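Welcome to a short tour of the contacts that join parts of a chain together. Please keep the sequence and the 3D view open side by side as you read.

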Amino acid sequence: MRRAGRMAVGLGLLLSLAAAGCSGADGGEGAPGGGDKGRSTAPSTRMHVLTRTPCALLEEKPLVDGMMFRAGTDSLRTEPREDSSQDGTPETYRQVSCHETNGRAAQGGDLWLLSTSADLYERVGPACRRKRVKEDLDRAQHRDPVALGGSAYWRSIKENGRPGRELVLCDGNLLLEVTAFAPYGSERGSVDGTLGKVVEAAARLMEEGLRDPSAPSSTPTS
């Protein structure tokens, strides 16, 4: 992975920090506290649109170390959903999700799982407010979220013997959640680096596939 200092400020920086944090780059494998929590980025005003492209992008090339994923289920919610805003008025968003399994599953059960969910709001603002609510809830429930630049956070998770990583980030009108699990019985220390790279690569591809090419992209300076 490239160091954050070599990458542009914005989503690329946040994702490089996520990969560093998720891989235990703080010096302790699997320990919360990775990433550059002291560095912040200006909020993005980039707009995104609802497409099926992200799920296809996840299959086009290896996410990490030759690891190819194949689509299990693609879900596209074209009907709008509502979320309460700060003043109680409804905020409308639409959702696309991709659930992937590793193609190496047939080779001795070496099964890695990947799940992504993208919520696209009609305007900038609600996505990052919702990210903050989720992060505060994880912190209140002692789930050890690790903040990344103010617009993203990651945390270690485990389910049915599978060590995993979850990355939650907002970018303009996009709220993106990426979850990856290693095979059953994997040791946390041996798979943390790969988990971090998988969620970083998947998040980058999802954001790229949902980006609105016709909308101007700008980043406030204050």
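## A buried charge and its partner

Let's start with Arg 46, which counts as buried at 18% relative accessibility (buried means under 20% relative accessible area, exposed over 50%, and partly exposed in between, with a 1.4 Å probe and protein chains only). Please note that the model is predicted: local features need pLDDT of at least 70, side-chain atom pairs count only at pLDDT 80 or more, and totals for chains, interfaces and linings use all residues. Residues are numbered from 1 along each chain as its sequence is written, and side-chain values use heavy atoms, with hydrogens and water left out.

Which residue does the side chain of Arg 46 meet in a salt bridge? The partner is Glu 207, at 3.7 Å from N to O (a salt bridge is a side-chain nitrogen of Lys or Arg within 4 Å of a carboxyl oxygen of Asp or Glu). This pair links distant parts of the chain, 161 residues apart: Arg 46 sits in the loop between helix H1 (11-22) and helix H2 (53-60), while Glu 207 belongs to helix H4 (residues 188-210). Helices (H or I, at least four residues) and strands (E, at least two) are DSSP runs, numbered from the N terminus. Glu 207 is buried too, at 1% relative accessibility.

Glu 91 and Arg 129 are both buried.

Arg 130 and Asp 119 come to 2.6 Å between their closest N and O atoms. Here Arg 130 in helix H3 is linked to Asp 119 in strand S3 (residues 113-121), eleven residues apart. Asp 119 counts as buried, with 1% relative accessibility. Elsewhere, shared partners join the salt bridges of Arg 46, Asp 171, Glu 207 and Arg 211 into one network.

## Nonpolar cores

In soluble globular proteins, nonpolar side chains tend to be buried together. How many residues does the largest nonpolar core have here? The count is 34, and Leu 58, Leu 63, Leu 114, Ala 118, Leu 176 and Val 198 have the most contacts inside this core (a nonpolar core is a set of buried Ala, Val, Leu, Ile, Met, Phe, Trp, Tyr and Cys residues joined through side-chain atoms within 4.5 Å). Elements giving two or more residues to this core are H2, S2, S3, strand S4 (146-148), strand S5 (152-159), strand S6 (162-171), strand S7 (174-181) and H4. H4 gives the most, with ten residues. There is also a second, separate core of eight residues, including Tyr 93, Tyr 121, Tyr 153 and Leu 175.

For a closer look, take Ala 118. Leaving aside neighbours within four places in sequence, Ala 118 is in contact with Arg 94, Gln 95, Val 96, Leu 174, Leu 175, Leu 176, Met 206 and Leu 210 (contact means heavy atoms within 4.5 Å).

H2 has Pro 54, Cys 55, Leu 57 and Leu 58 as its buried residues. Seen down the axis of H2, these residues fall within an arc of 160 degrees, so they line one face of the helix (the arc is that of the directions from the helix axis to the C-beta atoms).

The model has two disulfides (a disulfide is a pair of cysteine sulfur atoms within 2.5 Å). Cys 55 is joined to Cys 98, S to S 1.9 Å, and the torsion about their S-S bond is about -85 degrees, so this disulfide is left-handed. The pair links helix H2, which holds Cys 55, to strand S2, which holds Cys 98, 43 residues apart. Cys 55 is buried at 4%, and Cys 98 at 0%.

The sulfur atoms of Cys 128 and Cys 170 are 2.1 Å apart in the other disulfide. Its torsion is about 100 degrees, so this disulfide is right-handed. Cys 128 lies in helix H3 and Cys 170 in strand S6, so the bond ties together parts 42 residues apart in sequence. Cys 128 is buried at 18% and Cys 170 at 3%. Counting bonded cysteines along the chain, the pattern is 1-2, 3-4.

## Glu 177 in strand S7

Glu 177 is in strand S7. Is Glu 177 buried or exposed? At 17% relative accessibility, Glu 177 counts as buried. Not counting residues up to four places away in sequence, Glu 177 touches Ser 115, Thr 116, Ser 117, Arg 130, Lys 134, Glu 166, Leu 167 and Val 168.

With Lys 134, Glu 177 makes a side-chain to side-chain polar contact at 3.5 Å. A polar contact is a pair of N or O atoms within 3.5 Å; within protein, one must be able to donate a hydrogen and the other to accept it, and residues adjacent in sequence count only if both atoms are side-chain atoms.
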